[in-house]
Amino acid sequence: MAGHVSVQHAATQLPSNNSTTEPRIVRWLLIFVAIGFLSLFLLLPLIAIFVKAIEKGFEVYFASITQPDALSAIKLTLIVILIAVPLNTIFGVAAAWAITKFQFKGKSILITIIDLPFAVSPVIAGLVFILLFSSHGIFGPWLMEHDIKIIFAIPGIVLASVFVTFPFVARELIPLMQTLGSAEEEASITLGASGWKTFFYVTLPNMKWGLLYGMILCNSRTVGEFGAVSVVSGHIRGMTNTMPLHIEILYNEYQFSAAFAVASLMSILAIVTLVIKSYIEWKAKQQLKS
């Protein structure tokens, strides 16, 4: 009994998990460095974008973002998002399901392939699509014979965007589904539910916040993709320029106000995405607590 009391007393003397042993000046210094770094490399450039965008007035600003080439770039970016994100969502769910629910040979190889876009430069990815689908590429003659255009057209931009962004949903779902396990699915199937019913009524609700989080990351990467899209697009104004490519052209032509106006739209999209991301993280934490 005395030993038990002494252990309890010793435990009360130990610092809590949230306490630190560093002097207060060290903590304040670390906080100051973090805030200073974020202000210098994130907040100031973001503020500068909006200041430069409206430098010549709101009339010039709205004229810049409603100009035909700008509207075409915005439209193309949205089209790519509407195609790439759903495709990567389907792939991500299927890949995560296969990796976490089944045992099969080559699982480690599949995981490595999923991570490939993280290791390969987007420019290299664009060049690979040029090698495959250009007029002098491996499939070029067949594509020309059937009047199918991929490179310097929307299909090539979509393919490049899908390649660069396909790990995001899968990589978000795999650790989540491994943590959740398969006990609930097994119980559902034991009670007579089909595989699809189990997925829609058990698995999907459990992973919905992780899925949305992965889709948000995929969406953000698609909007900002430059390297691979630049290689396969051909930079055709009003046809194959996404928002990042349109900004580059405006900047190279010294149309700085117009370039920053379109850049401000991308910044607004990024801020909205960040807010949604934070909300999803909060909801996921609430779900774990409950």
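**Helices, cores and loops**

Asp 147 sits in the loop that joins helix H8 (140-145) to H9; helices here are DSSP runs of H or I with at least four residues, numbered from the N terminus. The model is a predicted one, in which local features need pLDDT of at least 70 and side-chain atom pairs count only at pLDDT 80 or more, while totals for chains, interfaces and linings use all residues. Residues are numbered from 1 along each chain as its sequence is written, and side-chain values use heavy atoms, with hydrogens and water left out.

Asp 147 is exposed, with a relative accessible area of 72%; exposed means over 50%, buried means under 20%, and partly exposed lies in between, using a 1.4 Å probe and protein chains only. Asp 147 also has a positive phi of about 55°, although it is not a glycine. Most residues other than glycine have a negative phi.

Where else does a residue other than glycine have a positive phi? His 235 has a phi near 55°. His 235 belongs to the loop between helix H13 (227-233) and H14, and it is partly exposed, with a relative accessible area of 27%.

The loop between H13 and H14 also holds Thr 242. Is Thr 242 buried or exposed? Thr 242 counts as buried, at 6% relative accessibility. Leaving aside neighbours within four places in sequence, Thr 242 is in contact with Ala 73, Leu 76, Thr 77, Ile 157 and Val 229, where contact means heavy atoms within 4.5 Å.

His 246 lies in helix H14, residues 243-252. His 246 is buried, with a relative accessible area of 2%.

I turn now to helix packing. Two packed helices are described by the angle between their axes and the distance between the axes. Axes are lines fitted to C-alpha atoms, for helices over the stretch in contact, and angles run from 0 to 180 degrees between N-to-C directions.

Consider helix H4 (residues 68-101) and helix H9 (residues 154-165), which pack at an angle of about 50° with their axes 9 Å apart. H4 and H9 are therefore oblique to each other; angles under 35 degrees count as roughly parallel, over 145 as roughly antiparallel, 65 to 115 as roughly perpendicular and the rest as oblique. Which residues of H4 and H9 make the contact? H4 contributes Leu 76, Val 80, Ile 83, Ala 84, Leu 87 and Asn 88, and H9 contributes Ile 154, Ile 157, Val 158, Ser 161, Val 162 and Thr 165. By class, this contact of H4 with H9 has nine nonpolar, three polar and no charged residues. For these classes, Ala, Val, Leu, Ile, Met, Phe, Trp, Tyr, Cys and Pro count as nonpolar, Asp, Glu, Lys and Arg as charged, and the others, Gly among them, as polar.

The second pair is helix H10 (residues 167-180) and helix H12 (residues 195-224), whose axes come within 8 Å and cross at roughly 155°. H10 and H12 are therefore roughly antiparallel to each other. By class, the contact of H10 with H12 has twelve nonpolar, four polar and two charged residues. Among the residues that meet there are Leu 173 and Leu 176 in H10 and Met 207 and Arg 221 in H12.

Next, the interior. In soluble globular proteins, nonpolar side chains tend to be buried together. The largest nonpolar core here has 28 residues, of which Val 93, Ile 114, Leu 173, Met 207, Ile 247 and Val 262 touch the most other members; such a core is a set of buried Ala, Val, Leu, Ile, Met, Phe, Trp, Tyr and Cys residues joined through side-chain atoms within 4.5 Å. The elements that give two or more residues to this core are H4, H10, H12, H14 and helix H15 (256-289). H4 gives the largest share of the core, seven residues. Apart from it lies another core, of 17 residues, among them Val 80, Phe 133, Ile 150 and Val 164.

Leu 127 is partly exposed, with a relative accessible area of 47%. Leu 131 also lies in helix H7, and at 54% relative accessibility it counts as exposed.
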